[in-house]
Amino acid sequence: MTRWARLTWQAAEPAALAADLGPRLGVAPGPHPTLDGAFVLPLGDAEVEVVPWRRESPSDAPCSDGRLVFEPIEGGAPDPIVHGPPPLRLAGIGWSTVELDRAEIELEAWLAGPPPDPDDDGREPHLGARARVRVTSGLPGDALVLLEPVTEGRVAASLARDGEGPCAIYVWPHGGLDAWLEGARDRRVTVSAVHPGPFGRSVLLLPATMAGPFVIVVEHGRPSSGRPGPATIGA
């Protein structure tokens, strides 16, 4: 598949962010092949590029935990080559919006497959949002999770700070969520309680600032069908 955009995580100190985030997730970040001072988090056939903060205006100062940005790839690029099952795969990217229906129309060029029934919209309890999942075409990851706030929670805070756009990544461990949680305990990684979400049971990687970006580790690599069931007890 040809990718027409890359996912970057802009940060004031990319090296520090990559060195912190990679071990907590259980992946090894590597140097960026073309950009000095940047790093790559390998997530299966997708990547998150941790890059220096790119000011959009003179007053655009770096946020404490950075921000997620889609950046166009001129001429497109193929998916990264994967040798063997990756420890983590990019299951989806969360997109914050104030209106799901409008966002879905505006993003239609990047979406594939028939639109779901809005009555089947689920919830993202970690972020205080209603969630609609669409398969992507030409973007990193397998799905775009449209997130509309239903509480004064994390998605609402992300919208207030950054406006609409990517705010979260959903990663799927090849060995399953429970095995990943066991390894996370050994690495002394802090996570939220386990809750049901767009990809089944999931945890939010902590600490996380109120406005993100957010990293959510999920049970399934493909979206769950229907509405989520009751939450489970956290690890």
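Let's start with two neighbours: β2 and strand β3 (residues 39-43) pair up in the antiparallel sense, over two bridges. Keep in mind that this is a predicted model. From that strand pair we'll move on to the rest of the sheet, then to some aromatic rings, and finally to a helix.

- β2 and β3 belong to an open sheet of five strands, in the order β2-β3-β4-β1-β5, and the pairing is mixed.
- Which strands stand at the edges? They are β2 (30-31) and β5, and each has a single partner strand, so one side of each has no neighbour in the sheet.

**Aromatic rings**
- A pair of aromatic rings is described by two things: the distance of the centres and the angle of the planes.
- How many aromatic pairs does the count come to? The answer is two.
- One of them is F70 with W95, a stacked pair with 6.2 Å centre to centre and 20 degrees between the planes.
- That pair links distant parts of the chain, since F70 sits in strand β5 (residues 67-78) and W95 in strand β6 (residues 88-96), 25 residues apart.
- Both F70 and W95 are buried.
- Then there's Y170 with F199: the ring centres are 5.2 Å apart and the planes are at 45 degrees, so this pair counts as tilted.

**A charge over a ring**
- R67 lies over the face of W53, at 3.8 Å from the ring centre.

**Helix α3**
- Helix α3 (residues 154-162) has V155, A156, S158 and L159 as its buried residues.
- Why are these residues on the same side of α3? They cover an arc of only 160 degrees around the axis, which puts them there.
- As a bit of background, an α-helix has 3.6 residues a turn, so residues three or four places apart point the same way.
- The cover over the buried residues of α3 includes β6, β9 (129-136), β10 (143-149), β11 and β15 (214-218).
- After α3 comes G163, which has a positive phi, near 80 degrees.

Technical notes. Residues numbered from 1 in each chain as written. Predicted model: local features only at pLDDT ≥ 70, side-chain atom pairs only at ≥ 80, totals over all residues. Heavy atoms only, no water. Phe/Tyr/Trp six-rings, centres within 6.5 Å; stacked < 30°, edge-to-face > 60°. Helix = DSSP H or I, 4+ residues; strand = E, 2+ residues; numbered from the N terminus. Buried < 20%, exposed > 50% of the residue type's maximum accessible area, 1.4 Å probe, protein only. Lys NZ or Arg CZ within 6 Å of the ring centre and 35° of its normal. Arc of directions from axis to C-beta. Contact = heavy atoms within 4.5 Å. Pairing = 2+ DSSP bridges.
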